Amino acid sequence: MKKSLLALSIALMSMPALAANYSIDSRIDAMGGAGTAASDYLSAGFHNPALVAMKPTSSFGVLFPVVGLQVRDPDELVDSLEDFGEIYDAFTANPTDPVNQTATANALSNVQNKLAYLNGGIGGAITIPTSTVSGTFFVKGYTEAIVMPEIEQSDIDAINNGVVPATLGSKGRVLAFGVVDVGLALASDLELAGQRIAIGITPKSQQYYTYHYEVNVDNFEGDDWDSDANRTEESAFNVDLGAAWQTGPFRLGFAAKNLISHEINTVPVSGIHSRVYTYHIEPLYTVGGAFVTDLFVAAIDVDLNEQKRFSAQGGPAIVDNTQLVRLGAEFNAWGWAQMRAGYINDLEDTLDGTVTLGLGLSPFNTVNFDLAAQLIDSNSYGGSVQLAFTF
């Protein structure tokens, strides 16, 4: 990966706004993201507010920080866009050279209809479990970006004929969306005949951001996309609901996130083609099951509906909707160390299947350090790290 992808990744992590329906949580990330029934009380506000109350005798805890990043660029699109400027400069210097013509036309053709995705997030939480109402105050942030060139066939034809276009119509484009959530997850539970039932609610404030960066493809720079001129922002209120039921080691969970729908438009970009995009914040309903013991946890999450993201007002449609199935497992070595693994499958086939792995260390059950990695292909990967304390 070259400097443009690195710049994009760093920009994601350094933005003032970062979390939509996705949450960074290294323990659950390593378990394929299956946290609706399996997350612990510290990170329950990220996944299912009801789980804050599933262990009311737990200790006061602090989760901070948790930081994560994911890159999906199987075709090395970002590198190709960054490199195109030099290739095009060589063509304009000698457009009659067949080698320059072929190399430049192929460079444009090779990025046509390609996409790359980058996600980054950060978060933290403070949790106070009690025998009546347990609560978690949390802040989480997440940004997702799509790199999507728009290539004009007329540019390719002109280059193949040795003609230097007055201005390239082909564009390099980055769309990004971010949310900061500040929420208070509250939950209460009832134990009846050996079964435990918990209900939770999370009122939260949200700050939405979008970025729309468009430039002629020969001038694409990965570190220019997040300027203020490319940004819109809005504030909103939202709410999550959750429920959980446990009997013995078996647990079922249900989470409904972002129950109030919102939309936010990007900055309009005018030119040969006018472009405006809309990001949709829609409810996401997830059901989960888990087998939970002190030494072993197995979990599954299934999204009940498709998660919609960007839509285009003019221009080609954006393929970024997802509906995920997540599987995960955790092996706990006497409360001191944990090994985790999982798998993520997208029913919409937008994202490739992802293998997840992770390790945890929890000496004296007071300090908890967790690492997670996501393995997709040689140019697509992710990881997260977090630190937590219980008292």
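Predicted model: local features only at pLDDT ≥ 70, side-chain atom pairs only at ≥ 80, totals over all residues.
Biologist: Let's start with a helix. How many residues does helix 5 have, and what span does it reach from its first C-alpha to its last?

Modeller: Helix 5 has 14 residues and reaches 20 Å, close to the 20 Å expected at 1.5 Å a residue.

Biologist: Which residues of helix 5 are buried?

Modeller: Here "buried" stands for under 20% relative accessible area. In helix 5 that applies to N100, Q101, T104, A105, A107, L108 and V111. They lie on the same side of helix 5, because the arc they cover around the axis is only 155°.

Biologist: What do the buried residues of helix 5 pack against, and which exposed residues sit on the face turned away from them?

Modeller: The packing partners are helix 4 and helix 6. The face turned away from the buried side carries P98, V99 and N110, which are exposed.

Biologist: Which residue caps the N-terminal end of helix 5?

Modeller: D97 does, with a side-chain oxygen 2.9 Å from the backbone nitrogen of V99. Beyond the other end, just after helix 5, look at N113, whose phi is positive at about 65°.

Biologist: How should I read a positive phi?

Modeller: Start from the general idea: most residues other than glycine have a negative phi, and most peptide bonds are trans. N113 is not a glycine, yet its phi is positive. N113 is placed in the loop between helix 5 and strand 2, and is exposed, with a relative accessible area of 73%.

Biologist: Where does A193 lie, and is A193 buried or exposed?

Modeller: A193 is in the loop between strand 4 and strand 5, and with a relative accessible area of 72% it is exposed. Its phi is also positive, near 55°.

Biologist: And where is the peptide bond from F64 to P65 placed, and what is its omega?

Modeller: That bond is cis, with omega near -5°. P65 belongs to strand 1, residues 61-72.

Biologist: What does F220 touch, leaving out residues up to four places away in sequence?

Modeller: F220 touches L81, E82, V147, G172, R173, V174, Y213 and V215.

Biologist: Let's finish with strands. What should I keep in mind about their side chains?

Modeller: In a regular strand, side chains alternate between the two faces of the sheet. For pairing, take strand 15 (residues 354-361) and strand 16 (residues 367-377), which are antiparallel over 7 bridges. Within this pair, G358 has A372 in strand 16 as its bridge partner. The hairpin of these strands has 5 residues between them, and F364 there takes a positive phi near 60°.

Biologist: How many bridges pair strand 16 with strand 17, and through how many residues does the hairpin join them?

Modeller: Strand 16 and strand 17 (residues 380-390) pair over 10 bridges, again in the antiparallel sense. Their hairpin runs through 2 residues. As an example of the pairing, V367 has F389 in strand 17 as its bridge partner.

Key:
Residues numbered from 1 in each chain as written. Heavy atoms only, no water. Pairing = 2+ DSSP bridges. Helix = DSSP H or I, 4+ residues; strand = E, 2+ residues; numbered from the N terminus. Contact = heavy atoms within 4.5 Å. Expected span 1.5 Å × (residues − 1). Buried < 20%, exposed > 50% of the residue type's maximum accessible area, 1.4 Å probe, protein only. Arc of directions from axis to C-beta. Polar contact = N/O pair within 3.5 Å; in protein donor to acceptor, adjacent residues only side chain to side chain.
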